[in-house]
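I opened this notebook to record what I looked up in one protein model. The entries follow the order in which I worked.

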Amino acid sequence: MAESPGDIKPLQIGVRFKQPAIVLLYQNNSKYRKRVMPVREFKKSSSVSLMASDLKEHHGQYLKDVPNFKIEKMLRLIQNDMKGLDLDESLQEINKEFSVDPDENLNDIDDVTLKRKKEIMDLTFEKNRKKPGDPDFQYDVEVDFSQAAGIESSVWDSEKEDDEF
């Protein structure tokens, strides 16, 4: 029986180091399944983003709901294993690379990295977003950040009447 693309819900993604592959655990209707997607012709110096887009194109119905940066993370793990890094070092390096530092200047990074950072920010936003129907959703929440954070206010911050100008 063929699986229709709408029935597939990705649950977890992982890697296999010997005979490198991306492993996807997913739910198809009410059944849990595992798909192993071999990573062929992948070298220490290969482009992770190009390989991720190739995998997503080739295994589209399985990976369409998996963000590109998650596939890139798994490929980077495989690449670091090829370079001889141990798993702990590799995970630390990847967490640094695939996280958004609030103090980082995003104007100074290349387009591929910027795209990855934006994708991470979008995913984080969607995960933390409160939608109507959520148990802790409140409509029209007002917060005065100047008092909460101890920030000095400026003349520009206050509302003035038109008479004062």
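**Entry 1: Ground rules**

I noted that this is a predicted model, in which local features need pLDDT of at least 70 and side-chain atom pairs count only at pLDDT 80 or more, while totals for chains, interfaces and linings use all residues. Residues are numbered from 1 along each chain as its sequence is written, and side-chain values use heavy atoms, with hydrogens and water left out.

**Entry 2: The whole chain**

I looked up the secondary structure and found 6 helices and 3 strands in the protein chain. Helices (H or I, at least four residues) and strands (E, at least two) are DSSP runs, numbered from the N terminus. Along the sequence, the pattern reads β-β-β-α-α-α-α-α-α.

I then looked up burial. Buried means under 20% relative accessible area, exposed means over 50%, and partly exposed lies in between (1.4 Å probe, protein chains only). Of the 165 residues in the chain, 25% count as buried.

For contacts, I used heavy atoms within 4.5 Å. Among contacts in the protein chain with a separation of 6 or more, 39% join residues 24 or more positions apart.

**Entry 3: H1 against H3**

How do the axes of H1 and H3 cross? The axes of helix H1 (residues 48-58) and helix H3 (residues 68-83) come within 9 Å and cross at roughly 120°. That makes H1 oblique to H3. Axes are lines fitted to C-alpha atoms, for helices over the stretch in contact, and angles run from 0 to 180 degrees between N-to-C directions. Angles under 35 degrees count as roughly parallel, over 145 as roughly antiparallel, 65 to 115 as roughly perpendicular, and the rest as oblique.

I recorded the crossing of H1 and H3 as right-handed. A crossing is right-handed if the near helix is turned clockwise from the far one by less than a right angle, and left-handed if anticlockwise.

On the H1 side, the contact involves Val48, Ser49, Met51, Ala52, Leu55 and Lys56, which meet Asn68, Ile71, Glu72, Leu75, Arg76 and Gln79 of H3. The contact of H1 with H3 has 6 nonpolar, 3 polar and 3 charged residues. In this classification, Ala, Val, Leu, Ile, Met, Phe, Trp, Tyr, Cys and Pro are nonpolar, Asp, Glu, Lys and Arg are charged, and the others, Gly among them, are polar.

**Entry 4: H3 against H4**

I turned to H3 and helix H4 (residues 87-97), whose axes come within 10 Å and cross at roughly 140°. That makes H3 oblique to H4. H3 passes H4 in a right-handed crossing.

Lys73, Arg76, Leu77 and Asn80 of H3 meet H4 residues Leu87, Ser90, Leu91, Glu93, Ile94, Asn95 and Glu97. By class, I noted 4 nonpolar, 3 polar and 4 charged residues in the contact of H3 with H4.

**Entry 5: H3 against H5, and arginine 116**

The axes of H3 and H5 come within 9 Å and cross at roughly 120°. H3 and H5 are therefore oblique to each other. H3 contributes Asn68, Phe69, Lys70, Glu72 and Arg76 to the contact, and H5 contributes Arg116, Glu119, Ile120 and Leu123. The contact of H3 with H5 has 3 nonpolar, 1 polar and 5 charged residues.

Is arginine 116 buried or exposed? Arginine 116, which is found in helix H5 (residues 111-128), is buried, with a relative accessible area of 8%. Not counting residues up to four places away in sequence, arginine 116 touches Phe69, Glu72, Arg76, Glu97 and Phe98.

**Entry 6: The core**

I next examined the largest nonpolar core, which has 23 residues; Ile22, Val39, Leu55 and Leu75 touch the most other members. A nonpolar core is a set of buried Ala, Val, Leu, Ile, Met, Phe, Trp, Tyr and Cys residues joined through side-chain atoms within 4.5 Å. Strand S2 (21-28), H1, helix H2 (60-63) and H3 each supply at least two residues of this core. The largest share, 6 residues, comes from H3.

Valine 39 touches Pro20, Ala21, Ile22, Met51, Leu55, Leu75 and Ile78, leaving aside residues up to four places away in sequence.

**Entry 7: Two loop residues**

Most residues other than glycine have a negative phi. Phi of glutamine 19 is near 55°, a positive value. Glutamine 19 is found in the loop between strand S1 (8-16) and S2, and at 62% relative accessibility it counts as exposed.

Phi of aspartate 140 is also positive, near 55°. Aspartate 140 lies in the loop between H5 and helix H6 (145-149) and is exposed, with a relative accessible area of 56%.
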